[in-house]
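Okay, thanks for making time, everyone.

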Amino acid sequence: MGGGRADTGATGRRPTVEELFGGDDPTSAAHRARDWAATSLGPVESWPPELYAAVRTVLPSTIPMLLWWGPELVQLFNDAYTPLLGDKYPAGIGQPAAQCWPDVWDAMGPLADAVLAGRGAAHGENTRLFTDRRGYQEETFWTFSYSPVHGADGQVLGVFVATSDTTGQVVGDRRLSLLRELGELSVAGADTTDAARLVARVLGGGPADLPVGRIWLVDTDADAPAFGTEPRPVASFGPLPAAPYAGDLPVVREVLRTGRPGRIAGPLGTAPDIGAPGGSAPVGQAVALPLVATGHSRPVGVLVAGVSPHLAFDDPYQHFLDLVAGRMSTALTDVLTYEAQRRRARALADAAGRQAALATLTARLAGATDLAEVLHAGLDELRDLLGGARGVAVCAGTAGIPLVVDAGLPLTGPLRHRLDRLGADGEPELTHDAAGGVTGLGARLEPGDPPGGFWLELSPPRPPSAIDRPLVRQLCGALAQALVRARAFETQRTVALAMQRAMLGPVDLPAGFAVRYQPAVRPLEVGGDWYDVVPLAGDLVGLVVGDVVGRGLPAATVMGQLRSASRALLLQAKSPAEVLSALDDFARLVPGGVCTTVFCAILDRALGVVRYSSAGHPPAILAHPDGSTQLLHGAGSVPLASVAVRGRPEAGVQLHPGSTLLLYTDGLVERRRELIDAGIDRAVGVLTESRELPEGVLADRLVRDLLPDGRDDDVAVLVYRHREPAVFAAALTADPVQLAPTREALRRWLAGLGIADPDADAVLIAAGEACANAIEHGCRFAPGATVTVRGRLRADRLEVLVSDTGGWREAGDPADTDRGRGRFIMARLMDEATVDGTAEGTTVRLVKRVTGTG
């Protein structure tokens with residue numbers, strides 16, 4: 001296999017298959033079972049030292065990694081990589097890469113050959129490949145890097161492959177882009193057929209996800225679908241046959257009848273050529289989705305969408321199609337509502353007052369972005385129309401909880417019952433007194449449960465001629481349309497906020513940490529600043545705080561890329577200086593990444609040591625229990641990608657029990673017309689004064705006391721409190737009455753450590769089971785014996801030992817039909833749960849990685 005020395009160490013002994021592939025995961029077992037002598041690598045005992053070293057690097061990694069070795073690029077990989085192989089596993093173990101990946105080797109083979117030939121590393125980002133790993137030509141996307149493995153003589157012996165399947169992210173972004181375009185589609189002035197054709201034109205622009213499709217509509221009158229008429233195809237996209245597939249119409253009719261989606265199987269057409277091997281492929285299935293419109297009790301149409309033959313029809317795909325149908329339903333609702341309003345407007349053209357009332361309401365609703373604002377506007381206008389009547393309006397709010405807006409009229413039980421009985425057609429309903437005067441007026445705004453509607457009480461009663469029913473209907477139509485827009489806006493806002501929050505650092509933090517984040521631009525949840533807390537091997541934790549130039553969504557986009565890159569580099573066991581050096585190169589490739597400032601550190605919580613490096617970032621602040629402070633500026637350098645630097649400096653600092661470390665971005669300390677040193681001095685003062693507060697309270701205090709009013713910069717704050725290993729000890733006699741006080745003592749100890757409630761509850765339940773078993777079984781022959789409970793917290797690793805002087809019954813003991821329940825509970829609640837029995841007694845060892853309350 002070329003290159004390298006024959007010996008593998010001082011003794012010259014070569015590892016066995018069991019030693020080299022010693023992991024307990026299925027992939028390591030499959031490597032052990034492989035007949036390596038039958039491969040070009042030969043028996044494991046004959047492999048060169050470089051191959052042993054490479055295997056020991058790849059297999060233990062939790063990042064998907066692959067090793068190609070020798071001229072044939074024989075494959076070895078870790079358990080994290082196995083799911084990416086699909087049906088190619090386990091045959092891919094020890095298989096030449098070209099045989100395992102013949103479907104993509106034309107694209108990937110030259111890159112691997114170039115690395116093997118000594119022409120340097122290669123990489124790709126979101127590279128599109130059509131792989132046959134699940135029985136069909138699957139469209140996939142990959143981000144990867146190929147790195148050479150050199151022998152002692154400099155010869156390239158193999159290739160390290162680090163890769164990740166980014167299909168979900170790329171396809172998700174592609175679908176979001178199409179949904180965004182669909183949401184921006186204007187259907188003003190169009191009828192339902194024109195609107196369907198406009199939608200089909202947009203959907204035809206996404207052939208990878210929507211290869212073919214057809215839109216069916218039913219005829220509608222002013223208020224409801226004419227269900228006696230047949231649905232008709234009005235628009236299509238993709239290379240469909242001129243005539244609809246024979247299986248379409250029965251399914252379409254059923255969807256219109258039930259309002260539930262349906263499936264269509266059969267030859268629905270041929271998907272457009274999107275670059276897959278072999279060109280176009282037949283579309284074998286489609287989904288029929290109902291198109292609904294507000295004010296209509298049944299669907300007004302059906303979208304038949306073909307499923308791509310190159311993608312799995314999974315939950316995200318179904319959700320995407322549901323969103324497409326929802327956007328089209330919104331467009332049809334707008335069209336139908338507009339048509340109804342236009343007909344009503346023509347009927348009311350001779351009433352100038354009606355037009356003024358509608359114009360006033362429309363102006364108020366134009367800027368309404370939430371449901372309460374819509375209801376307030378509509379209720380005020382209706383009250384003004386009727387001369388100051390008392391009223392209440394209701395619609396379905398978040399999570400189905402009714403949203404109530406009242407103007408002097410509370411929503412009582414009888415009134416709620418009256419609203420429930422309002423007609424679904426939206427026609428105003430009146431109540432009269434004995435003299436015929438109108439005492440009440442109401443109408444339903446939207447169907448559903450709970451229903452949406454309003455009710456007005458008129459005092460004194462009005463004559464019937466004073467009630468303009470057509471105008472009330474028109475105002476209700478405007479309100480219904482505004483509610484649809486407000487719900488769409490809230491949905492888009494919810495999706496946007498969820499995506500933004502996913503770009504920020506982790507929410508569940510190890511014990512001792514607290515973070516706060518304040519974006520400068522609302523309603524955005526993120527900006528150009530970021531923080532990250534990255535658990536590493538053992539008691540190590542990576543800490544990053546950074547600041548991208550600019551603010552708002554553009555800066556947040558750059559921030560997300562840099563945060564992901566820094567996290568990946570830390571997980572590769574890079575030092576802080578190495579992380580920043582690698583980020584220099586990455587920032588040059590990212591538009592907007594130049595001059596980003598970053599403070600990167602690796603904290604050893606066991607030793608209380610922090611190693612750090614700074615790329616132009618304000619210094620971290622360290623406050624000790626005695627009130628002394630340090631500014632960590634011993635390893636400062638220029639911002640990322642600003643000027644070329646030869647390596648970056650790195651320094652270290654020792655923490656003491658009770659020391660508090662503060663990382664932050666310049667928005668916390670920077671003020672206009674003031675040196676930044678003054679702001680850092682203020683931060684030092686607040687940190688020193690508040691150093692004994694819990695981490696979460698301290699983070700809140702820093703934000704409250706240091707952030708100015710009217711700030712225009714994002715702020716990220718990260719606080720860490722270093723603690724000595726905390727110890728708990730208790731001894732109880734073998735009497736069940738001792739369980740409650742021991743549990744309470746353990747609860748107080750956990751609360752004092754700041755352990756989050758879910759973790760504390762899990763520890764209490766598991767420890768309680770261990771104590772109960774120790775009393776019941778371990779001491780059943782020794783009344784008055786003692787059970788000891790010892791706890792220790794080091795960094796975020798909590799260990800509890802429960803010891804007794806007896807022996808537990810084994811599972812299956814006929815004297816105990818419920819044996820094993822306690823062990824099962826402990827194993828489910830804890831990260832580790834072992835029971836060790838000796839002649840001297842039994843010890844239960846419980847271990848859990850815990851998070852703090854900050």
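Let me begin with a question: which residues form one aromatic cluster? Those would be W68, W105, F144 and Y146. Before I go on, keep in mind that this is a predicted model.

One of those four, W105, also shows up in helix 6, which covers residues 105–116. The buried residues of that helix are W105, M108, G109, A112, A114, V115 and L116. And what do they pack against? The partners are strand 1 (65–69), helix 5 (97–100), strand 3 (122–131), strand 4 (138–150) and strand 5 (156–165).

Now, zooming out for a second. The protein chain has 21 helices and 31 strands. Of its 854 residues, 49% are buried. If you take the contacts with a separation of 6 or more, 63% of them are between residues 24 or more positions apart.

Okay, back to rings. A pair of aromatic rings is described by the distance of the centres and the angle of the planes. The count here comes to 12 aromatic pairs. I'll show F513 and Y720, which are tilted, with 4.7 Å centre to centre and 35 degrees between the planes. F513 sits in strand 16 (residues 513–518) and Y720 in strand 26 (residues 715–721), so this pair ties together parts that are 207 residues apart in sequence. Buried or exposed, you ask, for F513? F513 is buried, at a relative accessible area of 1%. Y720 counts as buried too, with 3% relative accessibility.

Then there's F599 with Y612, and that pair is stacked: 5.5 Å centre to centre, 15 degrees between the planes. Here F599 belongs to strand 19 (residues 597–604) and Y612 to strand 20 (residues 609–615), so the parts being tied together are 13 residues apart in sequence. F599 counts as buried at 2% relative accessibility, and Y612 does as well at 4%.

Next up, helix packing, and I've got two examples. In the first, helix 15 (residues 552–571) packs with helix 16 (residues 576–589) at an angle of about 145 degrees, the axes being 10 Å apart. The crossing of helix 15 and helix 16 is right-handed. From helix 15 you have Q561, L562, A565, S566, L569 and L570, and they meet V579, A582, L583, F586 and A587 of helix 16. By class, that contact splits into 9 nonpolar, 2 polar and no charged residues.

The second example is helix 17 (residues 676–689) with helix 18 (residues 695–706): about 140 degrees between them, and axes 10 Å apart. Why call helix 17 oblique to helix 18? Well, it's the angle of about 140 degrees that makes helix 17 oblique to helix 18, because an angle has to be over 145 to count as roughly antiparallel. The crossing of helix 17 and helix 18 is right-handed. On the helix 17 side, the contact uses R682, A683, V686 and L687, and on the helix 18 side L698, R701, L702, D705 and L706. The make-up of this contact is 6 nonpolar, no polar and 3 charged residues.

Most residues other than glycine have a negative phi, and most peptide bonds are trans. So here are a few spots to look at on screen.

Which peptide bonds did I pick out as cis? One is from Y89 to P90, with omega near 10 degrees, and P90 is in the loop between helix 4 (82–85) and helix 5. Another goes from S459 to P460, with omega near 0 degrees. P460 is placed in strand 15 (residues 452–462).

For phi, have a look at C595, which isn't a glycine but has a positive phi of about 70 degrees. C595 is in the loop between helix 16 and strand 19, and at 35% relative accessibility it counts as partly exposed. Then R673, also not a glycine, has a positive phi near 55 degrees. You'll find R673 in the loop between strand 25 (660–664) and helix 17. R673 is exposed, with a relative accessible area of 84%.

That's what I had, so over to you.

Methods: Residues are numbered from 1 along each chain as its sequence is written. This is a predicted model: local features need pLDDT of at least 70, side-chain atom pairs count only at pLDDT 80 or more; totals for chains, interfaces and linings use all residues. Side-chain values use heavy atoms; hydrogens and water are left out. Axes are lines fitted to C-alpha atoms, for helices over the stretch in contact, and angles run from 0 to 180 degrees between N-to-C directions. Angles under 35 degrees count as roughly parallel, over 145 as roughly antiparallel, 65 to 115 as roughly perpendicular and the rest as oblique. A crossing is left-handed if the near helix is turned anticlockwise from the far one by less than a right angle, and right-handed if clockwise. Contact means heavy atoms within 4.5 Å. Ala, Val, Leu, Ile, Met, Phe, Trp, Tyr, Cys and Pro count as nonpolar, Asp, Glu, Lys and Arg as charged, and the others, Gly among them, as polar. Rings of Phe, Tyr and Trp (its six-membered ring) pair if their centres lie within 6.5 Å; planes under 30 degrees apart count as stacked, over 60 as edge-to-face and the rest as tilted. Buried means under 20% relative accessible area, exposed over 50%, partly exposed in between (1.4 Å probe, protein chains only).
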